[in-house]
Amino acid sequence: MLSQLRLLFDNFTLILIGVVALASFFPAYGQGAVIFDVITGLAIALLFFMHGAKLSREAIIAGATHWRLHLLVFACTFVMFPLLGLISKPILLPLLGMPLFVGILYMCALPGTVQSAIAFTSIARGNVPAAICSASASSLIGIVLTPVLLKLLLDADGGSASSTVDAIKKISLQLLLPFVVGHLMRPLIGKWMDRNRKWLRSVDQSSILLVVYTAFSASVIGGLWQAVPPKSLAILTVVCVVLLAIILFLTTWMARKLGFSKEDEITIVFGGSKKSLATGVPMAQVLFTGAAIGPALLPIMIFHQIQLMACAFIANRYAQRPTTPEEKMSLQKA
């Protein structure tokens, strides 16, 4: 199962790199760019409609009572991560420049992942119901909270991000509304969605790739690769590795310090250390304009792959621990 998970993510990453290369050499111009903008808007709406339809109310209720765990995961996602980005400004701004540093702040303000956080928690034999609840709530709350956090982190009205009120209005219309409609329709289409998760995942990823192509086309035309040389990309990769290492250490340390079980620790580590590419890509299309989109997306795209490789290794290590008597009883009942 672990090898299949790695293969899936690696394939998607290779395609993602190919789409960025395609946008770099053959960006959408003029009328073509207008057409892609319209198609991208529809793809984003479809993406969040599907996220809403896949969200199981029963699973959320099953894990919602574990409030201490959820509070810690939310604190890691929406407090610790943004603070790490903010206090690193004296170091990162001279190294990366303002456009990529804004991308780092944007990445730090994003919600956690849903699908991969749950998958890794399951592989590592963690608290899966709590992971489903925490990841789903993080994704939903982040739709509104991310632009507010980004505004606070940038601390400027005239930066590359839209004003907070306008951003929340746009996000509510383009992301939150399709999400809510999809979730309300789950009683009608939920079983069909569950049966067809495999090919619907392809639709999900295709929507992300389309948004990436449109976003990078606008940035390439605006001079992205002149502003972001290979040296900056290498430094950005190292920065993402260091950020992930710090957050993995802190989530593990806090989970143990606060006396959580090993199963809950796994959920906290995978829930609190991950950032969502699926949410970050379409949201950037709303929050940023023109040439600013590319640099804003580069950090989350690089961090996304690093977190998957690191968490695959960590999940495998967790999975090798001895089975507890409680887990044996649970398996026998199942």
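Phe 120, Phe 270 and Tyr 318 form one aromatic cluster in this predicted model. Rings of Phe, Tyr and Trp (its six-membered ring) pair if their centres lie within 6.5 Å; planes under 30 degrees apart count as stacked, over 60 as edge-to-face and the rest as tilted. By this rule there are 5 aromatic pairs.

One of these pairs joins Phe 36 to Tyr 213 and is tilted, with 5.0 Å from centre to centre and 55 degrees between the planes. The two residues come from distant parts of the chain, 177 residues apart: Phe 36 sits in helix α2 (residues 30-54) and Tyr 213 in helix α11 (residues 197-221). Helices here are DSSP runs (H or I, at least four residues), numbered from the N terminus. Phe 36 is partly exposed, at 27% relative accessible area, whereas Tyr 213 is buried, at 11%. Buried means under 20%, exposed over 50%, and partly exposed in between (1.4 Å probe, protein chains only).

Next comes a pair of helices. Helix α8 (residues 128-154) packs against helix α15 (residues 277-287) at an angle of about 45 degrees, with the axes 12 Å apart. Axes are lines fitted to C-alpha atoms over the stretch in contact, and angles run from 0 to 180 degrees between N-to-C directions. α8 and α15 are therefore oblique to each other; angles under 35 degrees count as roughly parallel, over 145 as roughly antiparallel, 65 to 115 as roughly perpendicular and the rest as oblique.

Residues are numbered from 1 along each chain as its sequence is written. Local features need pLDDT of at least 70, side-chain atom pairs count only at pLDDT 80 or more, and totals for chains, interfaces and linings use all residues, while side-chain values use heavy atoms, without hydrogens and water.
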